[in-house]
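This report is written for someone who is meeting the structure for the first time. Please look over the sequence and the model below before reading on.

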Amino acid sequence: MAQSSDIMRSLIGLVIMAAIAGLVIGFSENLSRERIAENRREALLATLHQVIDPGTYDNDLLESHRRIAVAPLLDPTGPVDAYLATRNGAPVAALFTAKALDGYNGAIELLIAVRFDGSLAGVRVLSHRETPGLGDQVEASRSDWVLQFDGRSLQQPDLDDWAVKADGGSFDGLTGATVTPRAVVKAVRNTLLYFEQQRPDLFDTWPKPGRPGEDS
Amino acid sequence: MSSEIETVIPPARPQAGLWDQNPALVQMLGLCPLMAVTTTTINGFALGLGTLAVLVCSNLLISASRHWLRDPVRLPACVLLIAALVTAVDLLTQGFLPELYRVLGLFIPLIITNCAILGRAETCARHHGLATAGLDGLSYGLGFLGVLTVLGAFREIAGRGVLLSNLDLLFKDSAFEGLRLADGGLLLMVLPPGAFIAFGFLVAGFNLIRTRRKAPE
């Protein structure tokens, strides 16, 4: 009898402590939930604004998000995120997350913005595992290398010249890293090819997100 | 110190946490987050603040529950409570200091594994009243915070030649860009081995001061 009441008292203590723990977590979750969601949106928007000038479009970029289930040119391994920038309802640019699988050390994730006319608005490397000091120069914070894509298109240079100089193309390489720039150039080229193929569909099937009242 | 060590209640000496029984320098507890985040002063200071908050709250709550929380379940209950408090710190940092969270995010959950917190719960909070336990948490928390900050400052200066950079992570609108003391520094010091080297010097210096102080007595 004494023993079972002992267990009972232990159990009650544990239950009360669990309740306190639950309250602590519930309270702080409640307090921060909205702000966490807001912070995530802001962080994502800040990332997107690295490749597209916020002054050039007027729709809600995050609202325009859609997931493209199959796009082997962008990422053979899985779905791709895409965003569509418009101004007064007219298409301005499309943003894609692409993946270069043939990096020196695994996949390189890219964010690529293509203007409606087929020229590149910007390219950024979102994540990679390239060699520090060599391949990591593809990051915009470490060198200007990735900025050379700005304004390029499939006509400038010609499709055949979409390669690093070492391979006879017209893009600068990186000292000490051959594989990394090659992979990025190829991925950007493939994204432009994808855009060219899909442009009619891409902008027609997208819900018209124009919101004239919200000029930025 | 007799064989009855089990029944002896350690006397409350809250102030010991600051120096004599410093959790990091003397007890060598919580070194994993300590090594990992002290690449800058602000990083160290911020994780120290998180640890301090968890330590004070857990000490207070465990002290408050000391009469009804029975021995067989005390340990799991304490771990549960500490885990909940750390989760709260994690969520609040994520919500209110997102830039800081991007730097420290990975290490905040590691506060749970900081044995200094469970250690204070076991040796002090479960025996003493709210005031003593709270003070004890404050003192040991500040002791830990101090070491994190000093180590962060040391590695920041030695590794990058600046002090107090990235102040905006903690104080949002700060325009202060840090004191530039030298151009560049020894990269090694901001890499993981630098943490061991710097911490070694810190412990050595601490021991030197302690023995010097004791000698005249």
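## A strand pair in chain A

Strand β4 (residues 106–115) of chain A runs antiparallel to β5(A), and 6 bridges join the two, where strands are DSSP runs of E of at least two residues, numbered from the N terminus, and two strands pair if DSSP finds at least two bridges between them.

## How the model is to be read

This is a predicted model, in which local features need pLDDT of at least 70 and side-chain atom pairs count only at pLDDT 80 or more, while totals for chains, interfaces and linings use all residues. Residues are numbered from 1 along each chain as its sequence is written, and chains are lettered from A and ligands numbered from 1 in the order in which they are written.

## The domains of chain A

An automatic or database domain assignment is the origin of the domain bounds, and chain A is divided into domain 1 (1–48) and domain 2 (54–205). The C-alpha centres of these two domains of chain A lie 42 Å apart.

Between them, 5 residues of domain 1 of chain A are in contact with 5 residues of domain 2 of chain A, contact meaning that the C-beta atoms of two residues, placed from the backbone, lie within 7 Å.

## Chain B

Chain B has 7 helices and 2 strands, the helices being DSSP runs of H or I of at least four residues. Along the sequence, the pattern of chain B is α-α-α-α-α-α-β-β-α. The radius of gyration of chain B is 18 Å, close to the 17 Å that the globule rule gives for 217 residues, so chain B is as compact as a globular protein of that length; the radius is taken over C-alpha atoms, and the rule is 2.2 Å times the number of residues to the power 0.38.

Buried residues make up 41% of the 217 residues in chain B.

Conventions:
Buried ≥ 20, exposed ≤ 12 C-beta atoms within 10 Å, placed from the backbone.
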